Amino acid sequence: MTESTRGTALITGASSGIGAEFAQRLAQRGYDLVLVARGADALEALAAQIDASVPAAIEVLPADLTAPAQLAMVASRAKECTLLVNSAGYGLVGDVTELTGADQVDMLRLNVEALTVLSREAAIGMSGRGDGAIINVASTAGFQPIPHEAVYAASKAYVHSFSQALAEEVGPAGVRVLSVCPGFTETAFAARAGAEFERLPSVMVSSPEHVVSCALSDLDRGRAVSIPGYLNAAIAASSKVAPGWLTRKVSAQLTRRTQP
Ligand SMILES: NC(=O)c1ccc[n+]([C@@H]2O[C@H](COP(=O)([O-])OP(=O)(O)OC[C@H]3O[C@@H](n4cnc5c(N)ncnc54)[C@H](OP(=O)(O)O)[C@@H]3O)[C@@H](O)[C@H]2O)c1
């Protein structure tokens, strides 16, 4: 820990996109960092970039969070941190019967299992110390079932539900939990999902900077949910009141528009 630090932030998915943006912003806020992802080179490059501008202690911790031993190693570090950001995650576009079962289970291991294990360990450590915060990156995809992206949407519904429940459980012990629900965001996500966001209206696509600014501001305000942008907030609100058949049809259409 450096002298002026606010403690240590452990960030998964820090090598790219929303996670990398969290790393930069949290270093500027005075946190030391533990950066987690599989790609060691990208983590080292980000660490060097942050190190050049901010006096933070930065540890690069390469790990595949779908591998049980590596997840356990990161979980033991999560227990010691003052802020945990679970940003590692990905989506797969395709029908349940077309994608392989192994690929879909692997996605659940990262989006659901690893996030749950790390949140639990961090929550135990933070509750014991009476202070800390957990930021879990869910998605607007979790607000309704999404045909052709069924498992990803269900995994994000889990993250959103789990995080809000955890917020109530550990709030009295001084631990804040925030569910961050971005919509389409310009990162490496689309390429890995087998999608393209270019055909979407530009107003529907956010930047990682905007998502993280909203998240940190909502964390400061003590909110349990962060939905960046008016359009995404409208999607969240409409999914609560619109009939299920309509939200399923609209989300299926949107997913088709992101397919190459
Ligand atoms: N972009 C969007 O449109 C969007 C919208 C809503 C929600 N989200 C959510 O936002 C989060 C961040 O995604 P992003 O948009 O920033 O995408 P991204 O740029 O692809 O970042 C994903 C991160 O997850 C890491 N990761 C992937 N598999 C991993 C594994 N097995 N073990 C450890 N780390 C792993 C990647 O690093 P390595 O490949 O080096 O491991 C990378 O750092 C995800 O949870 C995603 O579901 C994204």
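An open sheet is formed by 7 strands, in the order β3-β2-β1-β4-β5-β6-β7, with parallel pairing. Its edge strands are β3 (58-62) and β7 (225-226), each of which pairs on one side only. Strands here are DSSP runs of E with at least two residues, while helices are runs of H or I with at least four residues, and both are numbered from the N terminus. Two strands count as paired if DSSP finds at least two bridges between them. As background, strands of a sheet pair through backbone hydrogen bonds, either parallel or antiparallel.

## How to read the values

Residues are numbered from 1 along each chain as its sequence is written, and side-chain values use heavy atoms, with hydrogens and water left out. Because the model is predicted, local features need pLDDT of at least 70 and side-chain atom pairs count only at pLDDT 80 or more, whereas totals for chains, interfaces and linings use all residues.

## The whole protein

In total, the protein has 9 helices and 7 strands. Its radius of gyration is 18 Å, close to the 18 Å that the globule rule gives for 260 residues, so the protein is as compact as a globular protein of that length. That radius is taken over C-alpha atoms, and the rule is 2.2 Å times the number of residues to the power 0.38. Along the principal axes, the C-alpha trace spans about 55 × 40 × 35 Å.

Of the 260 residues, 49% are buried; buried means under 20% relative accessible area, exposed means over 50%, and partly exposed lies in between (1.4 Å probe, protein chains only). Among contacts with a separation of 6 or more, 70% come from residues 24 or more positions apart, where contact means heavy atoms within 4.5 Å.

## Strand β1 and its two neighbours

Strand β1 (residues 8-12) is mostly covered, with 5 of its 5 residues buried. Thr8, Leu10 and Thr12 point one way from β1, while Ala9 and Ile11 point the other way. On one pairing, β1 joins strand β2 (residues 32-37) in the parallel sense over 5 bridges. On another, β1 pairs with β4, also in the parallel sense, over 4 bridges. Isoleucine 11 takes part in both pairings: its bridge partner in β2 is leucine 35, and its partner in β4 is valine 85.

Glycine 7 is buried, with a relative accessible area of 2%. Between glycine 7 and aspartate 32 there are 6.1 Å in space, C-alpha to C-alpha, although they are 25 residues apart in sequence.

Valine 180 stands opposite serine 226 in β7.

## A loop residue to look at

Histidine 148 lies in the loop between β5 (132-137) and α5 (150-170). Histidine 148 has a positive phi of about 75 degrees although it is not a glycine. For context, most residues other than glycine have a negative phi.
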